[in-house]
Amino acid sequence: MRKLVSYVALGWLAAWFADPQQGRRRRAMSRDRGLASLRRLGRRSRRAGRGAAAHAYGLKQHALHLHEQPKGPVDDVTLARKVETEIFRPADVPKGKINVNAENGKVVLRGEADTPELIDELVRKARRIQGVREVESLLHLPGASARPHA
């Protein structure tokens with residue numbers, strides 16, 4: 001029974017393409033569709049290859065630059081902006097409530113933070129930044145009075 005069905009399908013396909021009125025058009029359309037599919041497959045594979053190469057390059061660059069390269073001394077404004085960039089990166093940090101100042105490598109954090117854990121995390125992140133010699137935290141919780149600057 002299976003052979004019969006396959007022979008009938010093969011005969012129908014041959015008649016479909018060998019039809020004297022429409023066969024030439026059907027053969028041309030089938031050829032064009034097949035070639036278009038091959039072109040699309042080639043484009044997709046090239047795109048996937050470029051994506052894989054870019055991803056591998058990014059992993060290599062990440063591995064090469066795990067630690068920041070030592071740089072010369074930076075001025076106070078640059079250091080303060082660098083600290084701000086690092087500590088304000090997460091979305092949950094209250095950017096408008098914290099002020100960052102730097103003077104001769106000493107960074108002073110002033111303002112209000114929501115939790116004691118956030119205060120500790122901000123101070124820890126500021127200490128890890130290249131060029132920071134000391135961090136003084138004047139951060140306080142909402143409703144608590146601010147400590148005076150020493």
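A residue is called partly exposed when its relative accessible area lies between the under 20% of buried residues and the over 50% of exposed ones. This tour of a predicted model uses that term below.

**Whole chain.** Display the protein chain as a cartoon: 4 helices and 3 strands are present, in the order α-α-α-β-β-α-β along the sequence. The radius of gyration is 33 Å, well over the 15 Å given by the globule rule for 150 residues, so the chain is more spread out than a compact globule. Switch to the C-alpha trace, which spans about 100 × 40 × 30 Å along its principal axes.

**Surface and contacts.** Buried residues account for 23% of the 150 residues. Among contacts with a separation of 6 or more, 53% join residues 24 or more positions apart.

**Helix H1.** Now select residues 2–18, which form helix H1, and show the side chains of Trp12 and Trp16. A search of the whole structure finds 1 aromatic pair. Trp12 and Trp16 form this pair, which is stacked, with 5.3 Å centre to centre and 25 degrees between the planes. Because the two residues are 4 apart in H1, about one helical turn separates Trp12 from Trp16. Colour both by accessibility: Trp12 is exposed at 53% relative accessible area, whereas Trp16 is partly exposed at 35%.

Technical notes:
Residues are numbered from 1 along each chain as its sequence is written. This is a predicted model: local features need pLDDT of at least 70, side-chain atom pairs count only at pLDDT 80 or more; totals for chains, interfaces and linings use all residues. Side-chain values use heavy atoms; hydrogens and water are left out. Rings of Phe, Tyr and Trp (its six-membered ring) pair if their centres lie within 6.5 Å; planes under 30 degrees apart count as stacked, over 60 as edge-to-face and the rest as tilted. Buried means under 20% relative accessible area, exposed over 50%, partly exposed in between (1.4 Å probe, protein chains only). The radius of gyration is taken over C-alpha atoms; the globule rule is 2.2 Å times the number of residues to the power 0.38. Contact means heavy atoms within 4.5 Å.
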